[in-house]
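Open the model in your viewer and keep the selection panel at hand. The tour goes stop by stop.

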Amino acid sequence: MAIVEPVSSPSAEGRRRLRIKSPVTLEPIGEIEVQTAGDVASALDRAREAQVEWGARTVEERAHVLKRALAVLIRRQDDVIETVMRETGKARGEAIQMEVFAACDSLGYYAKRAPRLLRAEKRSLHGMLRLVKKLKVHYRPLGVVGIITPWNGPFILSLNPCAQALVAGNAVLLKPSEVTPFSGAMVAEIFAEAGLPEGVLQVLTGDGETGAALAEAAVDKIAFTGSVATGRKVAAACAARLVPCTLELGGKDPMIVCADTDIESAASGALAGAFMNTGQYCCGTERVYVVDEIADDFIEAVTRRASQLRQGGEGEFDVGAIFWDKQLDIIESHVEDAIAKGAKVLVGGRRNPDYDGLFYEPTVLADVDHDMLVMREETFGPVVPIMRVADEAEALRLANDSRYGLSATIWTKDSHKATELALQIQAGGVCVNDMTLTYGCQEAPFGGLRESGVGQVNGDQGLKGYCHVMPIISDRLAGKASQSFYPYSFKKDAKMQRLIKLLWGTSLGRMLG
Ligand code: NAD
């Protein structure tokens with residue numbers, strides 16, 4: 001029942017081959033070759049060559065290719081939806097919203113804003129320096145960026161970093177997950193149709209072998225999205241070569257439900273947070289803390305709504321398949337562990353017996369505690385464990401009792417309290433009265449604390465992360481100032497010490513500083 005299985009005969013060139021199956025029907029949907037370190041090196045050579053001309057174009061010219069890619073995507077959205085659904089089994093609405101809508105937003109956002117965000121900018125200098133020097137900051141491409149992506153958002157999580165790296169002038173080597181390689185390939189297809197020059201964006205197919213070869217290749221940055229365990233290996237490979245990386249890793253996002261919240265809205269949010277993408281959402285709701293005062297009503301509302309969800313693999317349905325058999329095993333083991341330790345199953349709690357494919361029923365658990373895996377480790381499935389707490393202080397303490405820190409949600413009508421609580425949470429970002437939308441909100445820097453990651457992506461900051469931000473400091477006196485540097489003398493030293501006193505020891509100096 002493995003979704004990714006080895007094909008016994010290698011390719012004509014001797015590469016390993018993998019067969020990919022549908023998680024819904026378990027029927028084969030295609031094969032890929034596992035590209036080797038040699039393939040990665042050849043792709044890197046082509047990328048280096050192609051990057052020279054691409055990086056020399058203006059940001060406006062590169063943004064124009066993003067605009068054309070957006071037009072291609074709008075026209076070909078059904079192909080993307082169909083490809084994503086075929087290899088993930090996610091609900092059509094999710095393929096549209098999470099993959100296509102978000103990808104359009106990403107392309108539109110960077111196509112429109114990159115020329116302004118990456119324009120060389122004059123910055124005024126402080127103090128006396130401004131009299132003799134001027135500063136201009138330039139955003140230069142890094143060169144070739146390796147982008148390694150997971151299977152849960154196979155199109156958007158590949159397209160979004162590619163759009164940013166490309167518009168910044170880099171060439172990209174994209175390594176999509178072996179579980180969902182065809183959605184990753186579509187990203188390159190769309191850019192190629194939009195007129196991106198050959199070699200600027202290349203897709204490397206394969207599994208961990210290919211990913212590791214890319215992380216170890218002589219690229220200029222790695223943007224990695226995936227699990228904590230692989231993230232550590234990627235970080236080590238980048239550290240060995242002293243190249244930067246961003247690591248967008250797993251999470252165990254808490255939801256805090258305060259006594260004054262609108263119970264039905266919070267229940268609806270818990271469902272969306274826990275079951276969207278069949279719970280395989282990096283910043284999905286993985287654990288809920290509800291204050292005792294409203295716990296009965298909240299649990300009743302979540303249970304009622306969860307029982308009405310329709311699971312399926314074709315036609316109209318709300319909750320789709322689990323995308324990968326390995327994840328299904330993890331989900332099952334977390335729920336079994338919770339039940340063995342005293343958790344109560346209110347809805348679901350088992351593989352869906354109506355299907356042969358990878359289906360786990362939308363599950364609501366109560367009477368959970370922090371001794372259970374389901375409250376401590378990333379479950380990444382359609383499971384919402386709800387824990388009753390005495391008050392918000394206890395909720396906050398438990399929310400922070402985690403090795404992860406990706407994001408969190410807080411539910412209350414009191415916006416002041418929401419901010420107060422949010423500022424005490426150990427998480428990369430917080431969403432108030434909504435499921436976590438921080439990845440979908442381009443202006444919001446996205447990235448986790450603790451083991452959830454290193455660095456932030458998206459928006460102004462994320463885009464500039466694909467650049468070397470180069471200051472050019474030039475003089476206003478046509479080189480004359482440097483003529484008086486040597487020789488040193490006691491007279492000059494005394495002058496300098498008087499200047500220090502004037503600049504930082506007097507109110508006039510501090511005003512000018
Ligand atoms: P994974 O770490 O197993 O794989 C991610 C990618 O890394 C795949 O392309 C894989 O082939 C590749 N890879 C495997 N071994 C490698 C190695 N040694 N060196 C380099 N690359 C290697 O993760 P996954 O199971 O595909 O994805 C699920 C995880 O991703 C979850 O933990 C989820 O929370 C996380 N995720 C995080 C974010 C975020 O933005 N923080 C977003 C989506 C998913």
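**Stop 1: helices 4 and 6**

Select helix 4 (residues 92-117) together with helix 6: their axes come within 9 Å and cross at roughly 10°. The model is predicted, so local features need pLDDT of at least 70 and side-chain atom pairs count only at pLDDT 80 or more, while totals for chains, interfaces and linings use all residues. Residues are numbered from 1 along each chain as its sequence is written, and side-chain values use heavy atoms, with hydrogens and water left out.

Helices (H or I, at least four residues) and strands (E, at least two) are DSSP runs, numbered from the N terminus. Axes are lines fitted to C-alpha atoms, for helices over the stretch in contact; angles run from 0 to 180 degrees between N-to-C directions. Helix 4 and helix 6 are therefore roughly parallel to each other (angles under 35 degrees count as roughly parallel, over 145 as roughly antiparallel).

Now show the side of helix 4 in this contact (heavy atoms within 4.5 Å). It includes M98, A102, L107 and Y110. Across from them, helix 6 brings residues including I156, L159 and A163. By class, the contact of helix 4 with helix 6 has ten nonpolar, three polar and one charged residues. Ala, Val, Leu, Ile, Met, Phe, Trp, Tyr, Cys and Pro count as nonpolar; Asp, Glu, Lys and Arg as charged; the others, Gly among them, as polar.

**Stop 2: helix 2 on helix 6**

V59, R62, A63 and L66 in helix 2 meet A163, L166 and V167 in helix 6. The contact of helix 2 with helix 6 divides into six nonpolar, no polar and one charged residues.

**Stop 3**

Which atoms meet the ligand here? A polar side-chain atom of T230 lies 2.7 Å from an oxygen atom of the ligand. An N or O atom in the side chain of E378 is 2.6 Å from an oxygen atom of the ligand. The protein covers 91% of the 850 Å² of accessible area that the ligand has on its own (Shrake-Rupley method, 1.4 Å probe).

**Stop 4: two backbone spots**

Most residues other than glycine have a negative phi, and most peptide bonds are trans. Select Y486 and P487: a cis peptide bond joins them, with omega about 0°.

Methods
A polar contact is a pair of N or O atoms within 3.5 Å; within protein, one must be able to donate a hydrogen and the other to accept it, and residues adjacent in sequence count only if both atoms are side-chain atoms. Angles under 35 degrees count as roughly parallel, over 145 as roughly antiparallel, 65 to 115 as roughly perpendicular and the rest as oblique.
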